[in-house]
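Subject: Structure for your review

Dear colleague,

Please find the structure below, together with its sequence. My notes on it follow.

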Amino acid sequence: MFKFRLLVSAIALTGSMSVAAAEPLPSVAPAPADNPTTLEKVTLGKMLYHDPRLSSTGTVSCASCHNTMLGGEDNRPVAMGVNGQTGGRSAPTVWNAAFNKVQFWDGRADSLEAQAAGPVTNPIEMGMKSWDDVVARLKTIEGYQHAFEKAFGKDSISKENATKAIAAYERTLITPNSPYDKYLGGDKDAMTKQQIRGMEKAVEVGCTSCHSGPAFNGPGVFQKFPVNSNGYFEAQYHFLKDKGLAEVTKKDSDEHLWKVPTLRNVALTAPYFHNGSVKTLDRAVWLMAKLQLNKELSDGDVADIVAFLNALTGEFPTQTMPQLPATPGSSFN
């Protein structure tokens, strides 16, 4: 039923995966054969991504929850949609999302294109009744008629092309050249001694058994969280309230399985975990060791790993706000 079920079959228990060879973050994201990246698509996608008129109230855009002026999310425990509604999950970062094997916390979308389609018609998020309504609205805006024609050809405004354009823009949101990347490239002064200790400790403890690869998001497997249940921490953070992948598949065996999130720029994306219940990175690191690896980290070990995670903050490409197509003399709806 779901393409990502193939990935679920490859679930690995924490600590059983071998650590992947260290790799720098690529500066270019691969594009699917049916959606090659072009300047015209990226230009259109950037407009659509930042346009609140894709929401029912005209108040919420993709950028509202995935802010490219910040760490690619909104620094809220849970995202806020139309009419002030909130869901139960924290907004994942859009930076480097092109390197995720699946999208959303529960991995229900197998591509950026599929992910882009979801929030627009989610009643809590952007609240449009249907993509037909979105397309009809876009067709009334002359500037979008021209932008779609440049990107896809004449009379090309459609859900498929809108999501392709948004995905094309998102594939440009890459943050290479972090201190860690520079260190891998041979600049041994790019990371501090504490950051190097933290990197070594992260490997020793077992963090990289799941957070591996260039984006530190693993090979695409899902991971159970928490592995080691603890009533005290559950009372504090409510990690088990959301069943994760099982909310999509309705399978008991998928309860509390989650996409392994990237650690790139993680220092900028507080609060942490799927429900945004942990405010600080040091607490998140300590909890991950406790609940996933059944290990008790000292304050010094936590500080070192946090220092290393700060070394994963990359260089952000300059973002200029697009000029959105106007509707002179009239409202958009």
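In what follows, a residue is called buried under 20% relative accessible area, exposed over 50%, and partly exposed in between, with a 1.4 Å probe and protein chains only. The model is a predicted one: local features need pLDDT of at least 70, side-chain atom pairs count only at pLDDT 80 or more, and totals for chains, interfaces and linings use all residues. Residues are numbered from 1 along each chain as its sequence is written, and side-chain values use heavy atoms, with hydrogens and water left out.

Helix α7 and K164

Helices (H or I, at least four residues) and strands (E, at least two) are DSSP runs, numbered from the N terminus. K164 is located in helix α7, and it counts as buried because its relative accessibility is 12%. Contact is taken as heavy atoms within 4.5 Å. When neighbours within four places in sequence are set aside, K164 touches D34, N35, E113 and F152.

Among the buried residues of α7 are N161, T163, K164, Y169 and E170. The buried residues of α7 pack against α2 (39-49), α4 (112-117), α5 (131-139) and α6 (142-152). The expected span of a helix is 1.5 Å times one less than its number of residues. For the 12 residues of α7 (residues 159-170) this gives 16 Å, which agrees with the 16 Å between its end C-alpha atoms.

Aromatic pairs

Rings of Phe, Tyr and Trp (its six-membered ring) are paired if their centres lie within 6.5 Å; planes under 30 degrees apart count as stacked, over 60 as edge-to-face and the rest as tilted. A search of the whole structure finds 14 aromatic pairs. One of them joins Y180 and F216, edge-to-face, at 5.2 Å centre to centre and with 70° between the planes. Y180 belongs to helix α8 (residues 179-184) and F216 to the loop between α9 (193-205) and β1 (222-224), so this pair ties together parts 36 residues apart in sequence. Y180 and F216 are both buried.

The pair of F233 and W286 is also edge-to-face, because the ring centres are 5.7 Å apart and the planes stand at 75°. This pair links distant parts of the chain, with F233 in helix α10 (residues 231-237) and W286 in helix α12 (residues 281-293), 53 residues apart. F233 is buried at a relative accessible area of 6%, and W286 is buried at 16%.

Charges over rings

A charge sits over a ring if NZ of Lys or CZ of Arg is within 6 Å of the ring centre and within 35 degrees of the ring normal. The charged end of R108 is placed in this way over the ring of F104, 3.7 Å from its centre. The charged end of K188 sits over the ring of Y183, 4.3 Å from the centre of that ring.

Backbone

Most residues other than glycine have a negative phi, and most peptide bonds are trans. F225 and P226 are joined by a cis peptide bond with omega about -5°, and P226 lies in the loop between β1 and α10. The peptide bond from A270 to P271 is likewise cis, with omega near 0°; P271 is in the loop between β2 (257-259) and α12.

N83, although not a glycine, has a positive phi of about 55°. N83 is found in the loop between α3 (62-65) and α4 and counts as exposed at 66% relative accessibility. N177 has a positive phi near 60°. The loop between α7 and α8 holds N177, which counts as partly exposed at 38% relative accessibility.

Cavity

On a 1 Å grid over the protein atoms alone, a cavity is a set of points where a 1.4 Å probe fits but cannot get out, and lining residues have an atom within 4 Å of a point. Grid points are joined across faces, edges and corners, and a volume is the space filled by probe spheres set on the points. The structure holds one cavity of 30 Å³ or more. The largest cavity has a volume of about 50 Å³, and its lining consists of N100, K101, V102, N217, G220, V221, K259 and V260.

Yours sincerely

How values were computed: 1 Å grid on protein atoms, 1.4 Å probe; cavity = no way out; pocket = protein on both sides within 12 Å on 5 of 7 lines; lining within 4 Å.
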